[in-house]
Amino acid sequence: MSETVLAVERLTKHFVETVALDEVTLALRAHEVLGLVGENGSGKSTLLKILGGVVRPDSGRILVRGQAVQFSGVADAIASGIGMVYQEQSLVPNITVAENILLGQEGSAVRWGWYNWKQLRQQASIALHQLGLDIDPMARTESLSFAERQMVEIAKVLFLENRRHVAPIILLDEPTSVLESKEIDTLFGQIRRLREVGSVVFVSHRLGEVLDVSDRIYVLRNGRCVGEREAKQSRHDDLYEMMIGRSPGQSYYHEESRLPFDEGRPVLSLDGLSARKRYSDVSFEIHAGEVLALTGLIGSGCESVCRTIFGAEPFERGLMRLEGVKISPGSPADAVAMGIGYVPAERRIEGVVGGMNVAANMILADPGVAARRGLLDFRRWRTLVAGWIERLRIKPASPRADVTALSGGNQQKVVLAKWLLRSNLKVLLLDHPARGLDVGAKTEVYALIRRLAQQGLAVLLLADSIDEAIGLSHSVVVMRDGLVSGRFSASPGRKPLEAEIIKCMT
Amino acid sequence: MTEAGRPPETGSPLRTRLRRRARRSNLGARAGPLIALLGLAGAVSIGHPLFLSAYGLNTLASAASVIMLLAAGQFLPISIGSIDLSMGALTAFGTVLLALWLPHLGPLAVPAMLIAIAAAGLLNGLIIVAFQMPSFIATVGTLGLWSGVSLVVSSASAVSVTGGYRVIAWLNGNIDRVPVSFLFAIVVMTVLGGVLTLTPVGRLALYAVGLAEPAAQMSGVRVAIVKVLCFAAAGLFSGLTALVLVAQDISGDPTSANSLLLPSIAAVVVGGNAITGGTGGMSRVLIGALIITVVQNGIGVMGINPFYEQIVYGVILVAAAGLTLDRSAIGVLK
């Protein structure tokens, strides 16, 4: 066994009311690709951010090559030979690749404040060649494709670490999430090259990829490290079970409380909806009591369709009908007035108003329910809010608490209550409603979604995972490159397989 | 499921007590500006005992009315995270218009001026919303615009009210030795305070836009309309201030703009309203306006060179903004 280059001991990190990491211990060896898998909210991104010096842990130790370290910033991590490649790209678009790679570390490539372009090109080329990349160091960064820019980003981290004259440790945060399969192959080739010179931590929630490229795998669940496996000796299903805490078939989507929907009454119907460059010819119907899952990769157009229904993005052709009446909401306010509600994926930015209390957040979408003759009726407001706090079991059960003091799950319940207390709500759009929630909160949100359907709402779901889409919905519509590429009924006993849906997605 | 686990009534007295204590501690934080006000007033009156005499207080109150009205108007753009730098210029323009129109239009001059200045405020709002422009750029532009227009129509000198002054003379009177303009400002602020606490738009939409515009938008709040209304209202308040100024000075002054803007912003901020928006209310604006007035008058009665006034406003503004600023609301500092 080779030496350990990076060790993490009993690392713990709390956010407001959630435990992001709970005494995680793991080790990275020299010349190893370490896979880190887990669902959204399992703590893998937090762990990576701590290792990259972005976030500070509450307790626990980090040892780099046997030395205990404390990072107070990204620069400290870099000085210890740890470089991070972010999910969101951080290159400057309007300068050359070489400038980006050397940015802030120009050294001898700058003389008297002027670039020595020859030097600059040479040094950048070295980093690019190390990865076997065929990218012109003098190209403007914005002229590269997304995948190429990601490669440049890796080259940049590599260059930084070369300067330190130690074997680099490179952290890759979900690097494949927006790549196509051919690009993923190239990336994996590069990761294998990186293994020759240093060590790599690779984070993904796609098991197949992790099994493919890693030597060893750690599984995280709810902030805990629940398993460590040699990649060669592990099977997909075992890891999956470890990752979500149950076997793939088992349901925590409250299947028993699913009711058949009313096929005679389409509430929302889209007919050939098109918007240039985003999606075209999208048609589907959602009936009263139906949960329809719309799925697809990033860029497939699902999100755009959802935002169009809510009036946040325009459409150019096609028809949208609400209970048979043609509509075209020009703004979210229009959509809300028509009886459409939206639970955004960006809960903290678009979902709740931080700094305002629970009671105010709840009636924001329809203050009329707590008003009389244009003035707020405080007694009615209080009763209404108390009722919803109790019905949804929101904790702490205090209407005056600042909404940001609540845990993610409870914040989401406040957002749901905001729509549920509207009397004319007909359609509810759920954009990744369980994202970032712990398992307990997830099941509660799932139960709530079931109840909404039972009450006759038409629900559009953008799910976090295919598993969730199949588990919760009555029907699944798959999109690829802006077009509907598959439709499935997901009634019990006839549920589509995950593989069938993936086939339509890619 | 956990219904039984909830403590019944026994827990609630404790909870109310905790809540009350929380409210009290909040009051403690709010008391800062109030203590500053009393301290300043005390300090000035030690140096100059007549400051707190009936005459001194009367002068103070009529001076306060101007800053109160301006600050109340400025609070609206600030509460949504914007700012209206044109308020001083609009007020100056309002005084010129009123002084020019009173001899000809008589009583009609007052609503005409108020509508004209409110329309100029509305224009600010429309520019900001239509062109998605930062408010400080848009209103710096209109500041230049309206200052220039006032100078042109007044030939760059004070315009005396040559007739029709009776229409607004009441504003310069006293009721039981209390200036009517002060009572006027109190009434106007009370009405605005009512809107801010009792109506859905004031209590919910306005603060939601200030605290989290995307969330407000996604909750169906008509953000654009809220913004336009705030700037139109700020315009209206500039007009009301102009009304009081003309009543007090019996003339319109196109050059008064500069001396009005800084104190109006300083008053809002020094009262404890964050410059980043989303917090505060009329009681804080009132205290802030009174602090600024005491500073202004204090400098006068203590015989300090009036040039120091702007220095003091500037220092107060930066210090108070630094104390109340919500840094999480500003992404990147530029």
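The paragraphs below cover the interface and then a hairpin.

This is a predicted model, in which local features need pLDDT of at least 70 and side-chain atom pairs count only at pLDDT 80 or more, while totals for chains, interfaces and linings use all residues. Residues are numbered from 1 along each chain as its sequence is written, chains are lettered from A and ligands numbered from 1 in the order in which they are written, and side-chain values use heavy atoms, with hydrogens and water left out.

Begin with the interface: 34 residues of chain A are in contact with 25 residues of chain B (heavy atoms within 4.5 Å). Together the two chains bury about 2400 Å², with 65% of that coming from carbon and sulfur atoms (accessible area, 1.4 Å probe, lost on being put together and summed over both parts). On the chain B side, Leu204(B), Met218(B) and Ser219(B) give 29% of the area buried against chain A, more than any other three residues.

Now look for charges. The rule finds one salt bridge across this interface (a side-chain nitrogen of Lys or Arg within 4 Å of a carboxyl oxygen of Asp or Glu). Arg222(B) and Asp334(A) meet there, at 3.1 Å from N to O.

Finally, turn to chain A, where strands S23 (residues 475-480) and S24 (residues 483-489) run antiparallel, joined by six bridges (strands are DSSP E runs of at least two residues, numbered from the N terminus; two strands pair if DSSP finds at least two bridges between them). Met479(A) sits opposite Val484(A) of S24(A). Two residues separate the strands of this hairpin, and Asp481(A) in the turn has a positive phi of about 45 degrees.

Key
Helices (H or I, at least four residues) and strands (E, at least two) are DSSP runs, numbered from the N terminus.
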